[in-house]
Amino acid sequence: MSREFLSGNEAFAYGIRLAAPQVISAYPITPQTIVVERLSEMVEDKSLKSEFIHVESEHSALSCAIGASATGVRTFTATSSQGLLYMAECLVYASGGRYPIVMMNANRSTALPWNIYGDQRDSLSLLDCGWIQAYAKDAQESLDLAILSYYIAEHPKVSTPFMVNLDGFHLTHTYEMVEVPESELVKNFLSDYNTDNKIDFENPKNIAFSAGPEHNFAFKYKEHIGILNAKEIISEAEQKFAPLFGREYSGLVEAYRCDDAEYILITLGSIFGLCSDVADELRNEGVKTGVLRLRYMRPFPNKEIADIARNAKAVAVLEKDISFGNEGSVYTNVNSALQKAGLSVPSLNFIGGLGGRDISEEDIREIFNKLSQGKTAVHFIGIEEGAII
Amino acid sequence: MIEVLWHGRGGQGAFTAARILGAAYSFKGEGFFALAFPSFGPERRGAPIRAFTKLSNKPLHSRSEIKKSDYIIYLDDTLFSQDSLNTLKENGKIILNTTATYEDTRIITFDATKIASEILGLRVTNTVMLGALSAFFDQVSVKDIEFAIEKAMPQKLWKGNKAVITAAYNALAKGAAA
């Protein structure tokens, strides 16, 4: 193990080097660029033995990764924002074909107005594409997810592509101390990708085929079961990971001081740190607050959210996303979890950080303040004081 | 928490200095935490940029920009305005690369360009200013910075950058102690 002072992008590249994909195909886009640059340098200096394929677009980057994965090798790609949207057609080919590609997405706003700063509209608008979606909180978790993601995605019960999301700039460009594991340790944790779902000259078969109405439905059902199975495999992977690497992860969610919390703020990504700092301050002032971080958006932690929110007086969802004409997509999902569990706890939605707008400590305090009033509503931080429903 | 704000122009290496400072502090061992990040956005040579280093003996969670600083460091005096005094914390200091002088004792002036030109043969002052900071900020020593330079810079840059750090420290340490 070595300690290195790395950005989120660099930490992720270090994690990918340890996971050692045989094929990397990518196209650079801010704020993802550094991860691709570092990986190409690693291939150049031979510290990573991988076929690095420069492609001419994101559509080609993922198409290339799908083709490589269909030969039965471990593959990686990375993108952001418009690049991810340009890939959208291929996302469903990867998930429908059950190719366990890992992709890093640097969360960035989508056009127009054109903007390179961080929000989460890119990945959250693609929740339905059949990919596992994880959201990292810091550089260490980014590196660890680069390794864990392959374990989960390639597991035969899952066989589902895996998107690891890092908040653009706040995580991709911020440097912090990271523990980089020894490659021997990673080899013990992560076995080689081994699959029957591949082009095989010894055992030729039809793959990536058409299926009419009589069979298509069953494929979609099985795809759904595969991503649901990831819940169990995430837990298995983390339990195996902890004693080897000395770091514990808590499955689909991370609950901070939620046990006796009356007011719970639910969020995702790197803003969690600031939210937990504010929760600490409010606890010191006598308000029972907690923060629940959704580490995964797919598979979605329905049960975990309901269990943790069961005794809360109100919950808030803070997200860097809006589904225009409705509300934040995370909020919709959280409300569904609460409703299915028969909970009638008031829920508030706070839309913040769009186009990279700063979310301040005062903003988080104001969220908890509104939360204590317990009135279900959708708010745009700093713009709309009243309720929009 | 100690908060350091760096001002420079694209290409002057302000963010590299912010990053080396963070590395120098956190490589001191367990219980030393740092975050370093640039002002976010497109990178353009010559355009004003800021960079941030946060240092603490507790884990740092907030990734927001610094509002009030313990140290504000200007690599380029064309970016300096005395308004920035309003964003200093109590006992905070501004370290300014300039040949001008100011009466306000919170503003430390220093000709970093001269040191950089003499030792490096280049007008690149980022690590010179890091050495200057170490004369005032006793939680990061010249040795700590030298260690971070070896971790964070290519080997061909070690010798010159270590030399300017010592030179800047020596030039300012006496005045800082006084």
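This is a predicted model: local features need pLDDT of at least 70, side-chain atom pairs count only at pLDDT 80 or more; totals for chains, interfaces and linings use all residues.

Modeller: Start with helix 6 of chain A, residues 139-154. Helix 6 has 16 residues. From its first C-alpha to its last it reaches 23 Å, close to the 22 Å expected at 1.5 Å a residue. The helix does have a kink, of about 30 degrees. That kink is centred on A:Leu145. Helix 6 of chain A is also mostly covered, with 15 of its 16 residues buried.

Now the core. The largest nonpolar core holds 168 residues. Those that touch the most other members are A:Ile152, A:Val164, A:Ile264, A:Ala316, B:Leu21, B:Ile95 and B:Met129. Helix 6 of chain A gives this core its largest share, 10 residues. Both domain 1 (2-245) and domain 2 (253-380) of chain A contribute residues, so the core lies between them. In soluble globular proteins, nonpolar side chains tend to be buried together.

Take A:Ala316 from that list. Leaving out residues up to four places away in sequence, A:Ala316 touches A:Leu265, A:Ile266, A:Leu348, A:Phe350, A:Ile367 and A:Leu371.

The centres of domain 1 and domain 2 of chain A, taken over C-alpha atoms, are 27 Å apart. In the contact between them, 24 residues of domain 1 of chain A meet 21 residues of domain 2 of chain A. On the domain 1 side, two or more residues each come from helix 5 (121-124), strand 6 (132-135) and helix 8 (213-245) of chain A. That side of domain 1 of chain A divides into 11 nonpolar, seven polar and six charged residues.

Then the partner chain. Here 18 residues of chain A are in contact with 19 residues of chain B. On the chain A side, strand 8 (175-180) and helix 9 (272-284) each supply at least two residues. Helix 9 of chain A gives the most, with four residues. By class, the side of chain A that touches chain B has seven nonpolar, eight polar and three charged residues.

Last, the backbone. The peptide bond from A:Thr30 to A:Pro31 is cis, with omega near 0 degrees. A:Pro31 sits in the loop between strand 2 (23-26) and helix 2 (33-44) of chain A. The bond from A:Leu112 to A:Pro113 is cis too, with omega near -10 degrees. Look for A:Pro113 in the loop between strand 5 (102-107) and helix 5 of chain A.

Check phi at two residues as well. A:Ser81 is not a glycine, although its phi is positive, about 45 degrees. A:Ser81 belongs to helix 4 (residues 81-96) of chain A. It has 29 C-beta neighbours inside 10 Å, so A:Ser81 counts as buried. A:Arg257 also has a positive phi in a residue other than glycine, near 55 degrees. A:Arg257 lies in the loop between strand 9 (253-256) and strand 10 (263-267) of chain A. With 17 C-beta neighbours inside 10 Å, A:Arg257 counts as partly exposed.

Conventions: Residues are numbered from 1 along each chain as its sequence is written. Chains are lettered from A and ligands numbered from 1 in the order in which they are written. The expected span of a helix is 1.5 Å times one less than its number of residues. The bend at a residue is the angle between axes fitted to the seven residues ending there and the seven starting there. A residue is buried if 20 or more other C-beta atoms lie within 10 Å of its own, exposed if 12 or fewer, and partly exposed in between; C-beta atoms are placed from the backbone. A nonpolar core is a set of buried Ala, Val, Leu, Ile, Met, Phe, Trp, Tyr and Cys residues joined through C-beta atoms within 7 Å. Domain bounds come from an automatic or database domain assignment. Two residues are in contact if their C-beta atoms, placed from the backbone, lie within 7 Å. Ala, Val, Leu, Ile, Met, Phe, Trp, Tyr, Cys and Pro count as nonpolar, Asp, Glu, Lys and Arg as charged, and the others, Gly among them, as polar.
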